[in-house]
Each structure stands twice: as C-alpha cells, then as structure tokens.
Amino acid sequence: MDTMLSAFGNMIKSFSDWVTIIFDAPSSRAIVLGVPIRGHLLVEGLLFVVILFLLSQKSYKPPKRPLTKKEVDELCDEWVPEPLIPAITEEMKYEPPVLESAAGPHTIINGKDVLNFTSANYLGLLGHEKLQDSCTKSLEKYGVGSCGPRGFYGTIDVHLDCEARIAKFLGTYDSILYSYGLSTLFSTIPAFCKKGDLVVVDEGVHWGIQNGLHLSRSTIVYFKHNDMKSLQSILENVTHDNKRAKKLRRYIIVEAVYQNSGQITPLDDIIRLKEKYRFRVILDESNSIGVLGSTGRGLTEHYKVPIEKVDIVTAAMGHALATEGGFCTGSARVIDHQRLSSSGYVFSASLPPYLASAAITAIDVLEENPNLITKLKANIATLRKGLSDVQGLELVSDPESPVVFLTLKKSAGSMKADLQVLDDIADNLLKEHSVFVATSKRSTVDKCKLPAGIRFYVSAAHTETDLEKACESLKKATALILAGQ
C-alpha cells in the first residue's frame, strides 16, 4: 500500500514539474503585438486548433447495405417482444359468474336459477311490460339512435321530453341527459370544477366521482366518511383568514346513498355548512332517486330540503329507473353551461331514444304506483332484521338504504385478506345456496378507504321467502367460512 502511495506521489510531482517547465520556458513568455503570451494561453490556443480540426471532420457513417434475408430472419428469431401486460399469476385468475338471463330478482347464472341481490333494480321495473312496450315503439319510430352527439345531429324529440320529464318530477328548472351513467359524473364534475378550484369530498365516494375529480385537476381535500365534524373542521381551516380561498370556486361533493357503505348523507347538515362557508354542493343521487322520500324524489324529499338549495344534482338511470344513461338537473345556468362545456355531452353520441323513452315510462309508473316504494322499504326492513345477528358480520348501512352493507366484525389483518374472506363467503352462497351477492371489489385506482364488505341490493320485487332464504343462507355460509380460518 505504501509503495502505491509513493508511486502516485512521484507521478503527481513529475506532472507538476512538467507544467512548471512549460510555463517557465522562454516561448511561454513571448510578447505578440504588445500582448504578453503566457504558457496557459499557448496551451489554450493548441486546444482551440484541435477543436476546430475535429469539428471540420465528417462524422463516421457505416456503409449503407441492406440486410440479407438470413440476417433479417436471425434478428426476427432473436427478438422477444415486451408484453403489454404482466404475466397472469394463479392469484389473478378468476372465472366470473356468467349471467344467462335478465338481472331480475331471480336470474340464471352458469345454467342455474339463483336468487339475485347484485342488481340495483330497486323498484323491480326491469322487464316491466310498460317499459318494454315503450322501448319497442321507440325502436320502431327512431331506430337505435343517430350515433352522433347532441349538438350536431343527435338530439331527438324524445331526449327533450325526457329532460323535461325529469325536471318536472324533481321540481327543478331543467335537466340534461348523458348517454352513460358513469359519464354523467366524468363529465359534470370537470365541467364545473376546474384547475385551482377547491373541492371538499367524502372519502367514501365511489370510483365514478373519484375519476371525475381526477379529470378536473382541481385541488381536492377529503373529509372522514359521513363525519360532519370532520367536514366542518376542513371548511373552517380552508376558509379562515384565507383571502385566496374566498376568490376560488368551492364545492362539496357527496353521495345521497353511498355505494361503498350503504350510509345516507345528512343533507340538512351539509346545507347548513354550505351556507355558512359559502360552498356549492354537488349531490349524486344514483342510489336514492325512486327510493328515498315518500314519492321517490330522493334525498331532498327525504330530508324535506328544497331542491333549490342543492346546486347540482346528478344520477345514473340504471338503478331504480331500470334503463341506462344519466342526468344532471338544476338551474338554467347549470344546465346551459354543460351544454357548451361538458365533454360527455358535446362529444359523445347521444342516448339511444328507446332508453330515454324507458326513463319517461319508469317515472310515470313510479308516480302511478307509490306502493312500490312502500314495498321496497318493507323489504329493506325485513332483510336488515334477518341479517342483524349474523355471527362475524355487522350491518353498517343506514336502516332506509336499499344498499344493505355488511363488513367483518374482526379484520383478517389487511384489506386484501378481508376481501378474500368475503369472496369465499359470496362464492359459498352462490355454489351451495344459489344466492348471488356482490363484494365491494376495488381496483388499484380506487382511493376509497372504507372497509370491504358484502352488498345486498334490495328490490321491491323480492318476496318475503326470498329475503328469508338470503338471511339463512348467509348465516350458514359465514359460519362455515369463518370456522375454517
């Protein structure tokens, strides 16, 4: 080691002596045109000449020669394309149940008749004779649709009739139709919430709202699920002595009935906080229209709050109304703004006319048969009573919610482990008891932090026998799966 250090020191000393000789040489102290030329200038001049020489040289290019067929074949044989998706592991393999009939209260899955609690067919209107007749007549008159956006050549009179019917039913000034339930949220939220706007949102909202917020690029603050103290604290923090916040557009976004918990948002408290801190409210009523309130007009009727106090109301029509598409309703300014700036309305093909006809008919049937809501509420109460004492599971949903939600009383240790247990229970229900239920599966992009659970979508078309069978089957399946852990 000492020998190496000594050799390195000698090398440095030799280099230093060489530089000293160059700088002390007579040529290094020459005077040209009255300017003293020292040694470092001489070295820099030589480097400049070398750089000019290198820049003047042509870059090397390999000779152009086409590859032979043998070379091409060899390259093709050696090339291994990179997969577009990662390899599928055993854990990722999943064979979903195959639906072979309409998704009514009873359906056929994998050739077997099963009791269905996975369809949000709350009023049992799926397959209703009047809805089918209206669809048939609309198809005969209009065909399947124009396949064009509303602003170009996609508006048909039935679209305008449907928008007017929805506004009349809910007591708003106007409404606007979208061709897909999720696109209602994908389009409505970015149409109003822009980059820099402040949005305070419940942490339990479903993925459609989350994606709309992502597309809006607004500033997002989450409050604890259905916790009004948490909401008030955040509103106070973001507005107190904050002059910039007072100049921003500010929104509170909530669901009427939360798909991820079955809980109902306290609209009266939301409105009180909205007015105190000067926020606008966007309310998604996908799971409450046709369900809550004495006549099915949703959360505002349930809390007896004037609908004018809610700035923007959105809803998917694929639930209680048993059709497809979605709508947004509110004031004239709210609707007119979307007709010009909502991407899902401006650029997407319009809703097929027969679906708009079905929505009009569904509202008519609801108004003519208020007993449907009474029957639904009775079914919810019956199912909740039967599920109240399931060992290992607990009810977390609201007593009036059509989404009856159960979670594990004791976590298995992680969200993934909990979901596996719940999936095992659901699989046992389907295979051994012919009862079809859904677990709250979430994708990797879903930011909902609520516990996983089993969802029962209750319908007015379910019979008392159906509900009793579901309760007994869940108790047996849960006892078997939890005992095997």
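User: Which residues line the second largest cavity?

Analyst: On a 1 Å grid over the protein atoms alone, a cavity is a set of points where a 1.4 Å probe fits but cannot get out, whereas a pocket is an open set with protein on both sides within 12 Å along at least five of seven lines, and lining residues have an atom within 4 Å of a point. In this structure, the second largest cavity is lined by Ile166, Phe169, Leu170, Ile289, Leu321, Phe327 and Ile363. This is a predicted model, in which local features need pLDDT of at least 70 and side-chain atom pairs count only at pLDDT 80 or more, while totals for chains, interfaces and linings use all residues. Residues are numbered from 1 along each chain as its sequence is written, and side-chain values use heavy atoms, with hydrogens and water left out.

User: How much space lies in the second largest cavity, and which helix gives the most to its lining?

Analyst: A volume is the space filled by probe spheres set on the grid points, which are joined across faces, edges and corners; here that space is about 30 Å³. Helices (H or I, at least four residues) and strands (E, at least two) are DSSP runs, numbered from the N terminus, and it is helix α6, residues 157–170, that gives the most to this lining, with three residues. For residue classes, Ala, Val, Leu, Ile, Met, Phe, Trp, Tyr, Cys and Pro count as nonpolar, Asp, Glu, Lys and Arg as charged, and the others, Gly among them, as polar. By that division the lining of the second largest cavity has seven nonpolar residues, no polar and no charged.

User: How many cavities of 30 Å³ or more does the count come to, and what lines the largest cavity?

Analyst: The count comes to two cavities of 30 Å³ or more, and the largest has a volume of about 50 Å³. Its lining includes Arg150, Tyr178, Ser179 and Tyr345, and both β5 (174–178) and α14 (343–346) supply at least two residues each. Five of the lining residues are nonpolar, four are polar and one is charged.

User: Let us turn to pockets; what is the volume of the second largest pocket, and which residues lie nearest its centre?

Analyst: The second largest pocket has a volume of about 700 Å³, and among its 30 lining residues Leu182, Gln259, His319, Arg455 and Tyr457 lie nearest its centre. Helix α7 gives the most to this lining, with four residues, and the lining divides into nine nonpolar, 15 polar and six charged residues. In the largest pocket, about 980 Å³ of space is found, and of the 31 residues that line this pocket, the closest to its centre are Tyr94, Leu419, Asp423, Thr439 and Lys441. The largest share of that lining, 10 residues, comes from α17.

User: How do α7 and α8 pack, and at what angle?

Analyst: Two packed helices are described by the angle between their axes and the distance between the axes. The axes are lines fitted to C-alpha atoms, for helices over the stretch in contact, and angles run from 0 to 180 degrees between N-to-C directions. Helix α7 (residues 181–192) and helix α8 (residues 207–216) pack at about 35°, with their axes 8 Å apart. Where heavy atoms within 4.5 Å count as contact, Leu182, Leu185, Phe186, Ile189 and Pro190 of α7 meet residues of α8 including Trp207, Ile209 and Leu213. The residues of this contact divide into nine nonpolar, four polar and no charged.

User: How many residues of α8 are buried, and what covers them?

Analyst: A residue is buried under 20% relative accessible area, exposed over 50%, and partly exposed in between (1.4 Å probe, protein chains only). Helix α8 is mostly covered, with seven of its 10 residues buried, and among them are Gly208, Gln210 and Ser216. What covers these buried residues includes α7, β6 (198–202), β7, β8 (250–255) and β9 (280–284).

User: Where does Lys304 lie, and is Lys304 buried or exposed?

Analyst: Lys304 lies in the loop between α12 (299–303) and β10, and because its relative accessible area is 74%, Lys304 counts as exposed. Its phi is near 55°, a positive value in a residue other than glycine. For a contrasting class, take Ala479 in helix α18 (residues 464–483), which counts as partly exposed because its relative accessibility is 46%.
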